[in-house]
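Morning, everyone. I have a structure to walk you through. Have a look at it first, and then I'll start.

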Amino acid sequence: MTYPDPDDPASPARPSVRPFLQPSSSGGYRPAHRVEETVTDQSVSLRPFVITSGRTDGADPGIGMETQVTLNPMAAPVRLSPEMRAIVGMCSEPVSVAEISARLHLHLGVARILVGDLRAAGQLDVHVLDNDTPDPETIMRVIRGLRAIT
Amino acid sequence: MDYEQSPDRHVGTARVGSEDGRPKKAPVPVKIIVAGGFGVGKTTTVGAISEISPLTTEAEMTSASMGIDDPGEASLKTTTTIAMDFGVQTIDQTLKLYIFGTPGQSRFAFMWDDLIKGALGALVVVDTARIDDCYPAVDYFERAGLPFVVGVNTFNGQMNYSLDEVRWALAIREDVPVLAYDARFRGSVRDALLVVLDQALDKAIRQKST
C-alpha cells in the first residue's frame with residue numbers, strides 16, 4: 001500500500017528515461033530521491049481497486065452500506081494486509097460498512113469487497129439481515145426514538 | 001491512509017465487544033435517504049440530526065447503463081466516483097438509524113437501487129430557486145414505490161413559492177406530503193423525518209395486512 005504503483009502513469013516514482021533532458025535538470029544522473037517526498041500521497045492517487053487485487057465486483061449484494069460488522073470471537077490469528085488489519089481494528093464495536101469506508105478512506109466498493117473477504121477468512125461477522133422489508137414494529141421504535149431527541 | 005485506529009496486534013487475541021466475554025449483539029440498522037440537487041442542504045440536513053459529524057464515503061461505481069442522456073454511449077462502461085454524506089442516530093442499543101445523503105441527478109440513479117434496498121423512506125430536499133433539481137429523485141422514488149416526503153428547505157425562512165405551488169410543479173400524488181423545514185435546526189429536521197416515518201409506517205402496515 002505504501003509502495004508506488006509502477007503501472008500508474010501519474011506516479012512520480014516512474015523513472016524518467018532521460019532525466020537530464022528535463023528543463024529543471026542540472027544534467028547527468030540523479031538519484032531518485034523524489035520518491036521519498038511524494039510517497040505519502042500514494043493513498044490518494046493509488047487506484048482504489050489495487051487493494052482488492054483488481055476485483056471490482058463479486059461483493060456480496062447482501063452487504064449494504066448500513067450492514068453491521070463485528071469481530072468474529074473465534075477468529076484465528078492470521079497475517080492480514082494493512083487495510084484489512086485497519087478494518088478488523090475498527091470492529092471491536094459493531095460498525096457499519098459505510099463507517100469503515102469513510103473512516104479508513106476506502107472507496108465503498110473496496111470496503112465491501114474487503115469486508116466480504118474478511119468474513120470468508122473467518123475474521124469478521126457480517127450481520128446481513130434476512131428480511132430487509134421494514135416491519136411496523138421497528139418503524140414505531142424509530143418514531144418513538146426520534147420523538148425523544150431534542 | 002491513516003491507520004491510527006488499527007493498533008498493530010494479532011487478530012486472534014483481539015478482545016471481543018463486551019466485558020462478559022460474549023460478543024456484543026450488533027444493532028439492527030435502518031436507513032432514511034435524503035436526496036436532492038447540489039447545494040440544497042442535504043449535508044446540513046444529515047448533520048443536524050446525526051449524533052456524529054457527518055462522514056463522507058466515496059463510492060466508485062462502474063455502470064453499463066448510464067447512457068440515459070446520450071443513447072449513443074449506452075454500451076460503454078463508465079466509472080463514476082460520487083461522494084455520499086451520512087450520519088447516525090442511535091435509537092436504542094439494538095436499533096440504529098442511518099441517514100444517507102445522495103446526489104439527486106438522474107445520472108446517479110443507477111446507484112439508488114442499491115441504496116434504497118431496505119430503506120424506510122426518503123426525504124427529497126427542494127430549494128424553491130431550483131425546483132427542477134429534484135425531479136429525477138421524485139420520479140425515481142415514485143417508480144420504486146419508496147415512501148417519500150418533499151421537504152422545502154427554507155433558507156433563512158425564505159421561500160419563493162408556496163407549498164401548494166411546489167406541489168403543483170412536482171405533480172405528485174395527493175398523499176405525498178410537501179412540507180417546509182429548516183435544514184439547520186435539529187428539531188425541524190427531526191419533524192421532517194417523522195413525517196417520512198409516518199409514510200413508511202402506513203406502507204408497512206398496508207403491506208402486512210395484504
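Predicted model: local features only at pLDDT ≥ 70, side-chain atom pairs only at ≥ 80, totals over all residues.

Chain B has a mean of 81. There, 76% of the residues reach 70 or more.

Now the elements of chain A. Which has the lowest mean pLDDT, and which the highest? Lowest is helix α1 of chain A, residues 34–38, at 44. Highest is strand β2 of chain A, residues 95–96, at 96.

Some stretches score below 50. In chain A, residues 11–22 do. Beyond near neighbours in sequence, that stretch has 15 contacts in the model. Residues 34–45 of chain A also stay under 50, with 12 contacts beyond four places in sequence.

Chain B has such stretches too. Residues 1–22 of chain B stay under 50, and the model gives them 40 contacts beyond four places in sequence. Residues 64–75 of chain B are under 50 as well, with 10 such contacts. A word of caution here.

On to the helices. Two packed helices are described by an angle and a distance between their axes.

Take chain A. Helix α3, residues 82–90 of chain A, packs against helix α5, residues 108–120 of chain A. The angle is about 80°, and the axes are 10 Å apart. That makes α3(A) roughly perpendicular to α5(A), since angles of 65 to 115 degrees count that way. Who makes the contact? From α3(A), E83(A), M84(A), I87(A) and V88(A). From α5(A), L114(A), V115(A), D117(A) and L118(A). By class, that is six nonpolar residues, two charged and no polar.

Now chain B. Helix α1, residues 42–49 of chain B, meets helix α5, residues 186–209 of chain B. Here the angle is about 100°, with the axes 8 Å apart. So α1(B) and α5(B) are roughly perpendicular to each other. T45(B), A48(B) and I49(B) contribute from α1(B). R186(B), V189(B), R190(B) and L193(B) contribute from α5(B). That contact has four nonpolar residues, one polar and two charged.

Last, the largest pocket. How much space lies in it? About 570 Å³. Its lining has 33 residues. Nearest its centre are E66(A), L129(A), D132(A), P29(B) and G118(B).

Which elements give two or more residues to the lining? From chain A, α5 and α6, the latter at 136–148. From chain B, β1 at 28–36 and α2 at 112–116. The largest share comes from β1(B), with four residues. By class, the lining has 15 nonpolar, nine polar and nine charged residues.

That's my tour. Over to you.

Conventions
Residues numbered from 1 in each chain as written. Chains lettered and ligands numbered in written order. Heavy atoms only, no water. Axes fitted to C-alpha atoms, helices over the stretch in contact; angles between N-to-C directions. Parallel < 35°, antiparallel > 145°, perpendicular 65-115°, else oblique. Contact = heavy atoms within 4.5 Å. Nonpolar A, V, L, I, M, F, W, Y, C, P; charged D, E, K, R; others polar. 1 Å grid on protein atoms, 1.4 Å probe; cavity = no way out; pocket = protein on both sides within 12 Å on 5 of 7 lines; lining within 4 Å. Points joined across faces, edges and corners; volume = space filled by probe spheres on them. pLDDT = per-residue confidence, 0-100.
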